[in-house]
Amino acid sequence: MAIALRKPKEIDALRAANQLVARAHALLAPMVKPGVTTRELEREAERFITSEGGRCSFKGLYHPPFPGAICTSVNEVIIHGTPNDTPLKEGDNVGIDIGVELDGWYGDAAVTLPVGGVSDEERCLIEASSATLYSVIEAIRPGMRIKEISRMLEEAITAAGFTPLLGYCGHGIGRSPHEEPSILNYVEGHPNQGPKVKEGMVFCLEPMLCRESGESRVLEDQWSVVSVDGLRGSHYEHTVAIIGSRAEILSLE
Ligand code: MG
């Protein structure tokens, strides 16, 4: 399927869906403290998104159907963690990934947050994932290949001393939550091949960082993705639109 090029009015609709995602994140961030459960975060996100006329788009997605309204990935779970009743504790990290459908358009963004005070090692990991995301978004220009974005993501992740999670990727977004193109956090195949970035493209970039091994396995819940090294990871994500000569973040308040 060809990569969709969105008209300004369509980008406005995608911006609205992503603004709802951003506002849900802003609501949850101050709740992340020792003692809160990921189920409580999920309930608050769903209450808010529903009250604003949106729908939590991850719920029931794919097979087996994703059981949560949002993804909550604690410590060694890097992505796709499912909300539960275990209280977060000081020193944990929690990845919160929120997907929304609003008026038939989709939004998607994720953060990893420290719970209370965390170790320097932990802070460094979390900061590397957000710094990677923002630096690569700044560097995107129409005309470059999508694979060039993957190369920049990989370079930033490895320069910070971490390794990208293999087999998972960023993606186009629009009328469905996951569309073409797939945007890996590392280069696979020849870097000078494949589609180019064009005005009107809207996609999600989501660096997923592991400490040692990028090889992963999925836990018994059939969703939670961990590195085979068993160590903690970090994940950040924004939805961006190519407007004029740059990538504008749609999922920031
Ligand atoms: Mg995504």
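Which residues does serine 213 touch, not counting residues up to four places away in sequence?

Mentor: Happy to! Keep in mind that this is a predicted model. Serine 213 touches Thr163, Ser227, Val228 and Asp229, leaving aside residues up to four places away in sequence. As for its place in the chain, serine 213 is in the loop between β10 (208-210) and β11 (216-218). Serine 213 counts as buried because its relative accessibility is 18%, and the cut-off for buried is under 20%. A polar atom of the serine 213 side chain also lies 3.1 Å from the backbone nitrogen of glutamate 215.

For some context, let us turn to another part of the model. The structure holds 1 cavity of 30 Å³ or more, with about 30 Å³ of space in the largest cavity. Among the residues lining the largest cavity are Arg6, Glu179 and Val202. By class, this lining has 4 nonpolar, 1 polar and 3 charged residues.

Two of those names come back in a salt bridge: glutamate 179 pairs with arginine 6, with the closest N and O atoms 3.0 Å apart. Glutamate 179 lies in strand β8 (residues 179-184) and arginine 6 in the segment before α1 (8-28), so the pair ties together parts that are 173 residues apart in sequence. Both glutamate 179 and arginine 6 are buried. In total, the structure holds 13 salt bridges.

Definitions and conventions. Residues numbered from 1 in each chain as written. Predicted model: local features only at pLDDT ≥ 70, side-chain atom pairs only at ≥ 80, totals over all residues. Heavy atoms only, no water. 1 Å grid on protein atoms, 1.4 Å probe; cavity = no way out; pocket = protein on both sides within 12 Å on 5 of 7 lines; lining within 4 Å. Points joined across faces, edges and corners; volume = space filled by probe spheres on them. Nonpolar A, V, L, I, M, F, W, Y, C, P; charged D, E, K, R; others polar. Helix = DSSP H or I, 4+ residues; strand = E, 2+ residues; numbered from the N terminus. Buried < 20%, exposed > 50% of the residue type's maximum accessible area, 1.4 Å probe, protein only. Polar contact = N/O pair within 3.5 Å; in protein donor to acceptor, adjacent residues only side chain to side chain. Contact = heavy atoms within 4.5 Å. Salt bridge = Lys/Arg side-chain N within 4 Å of Asp/Glu carboxyl O.
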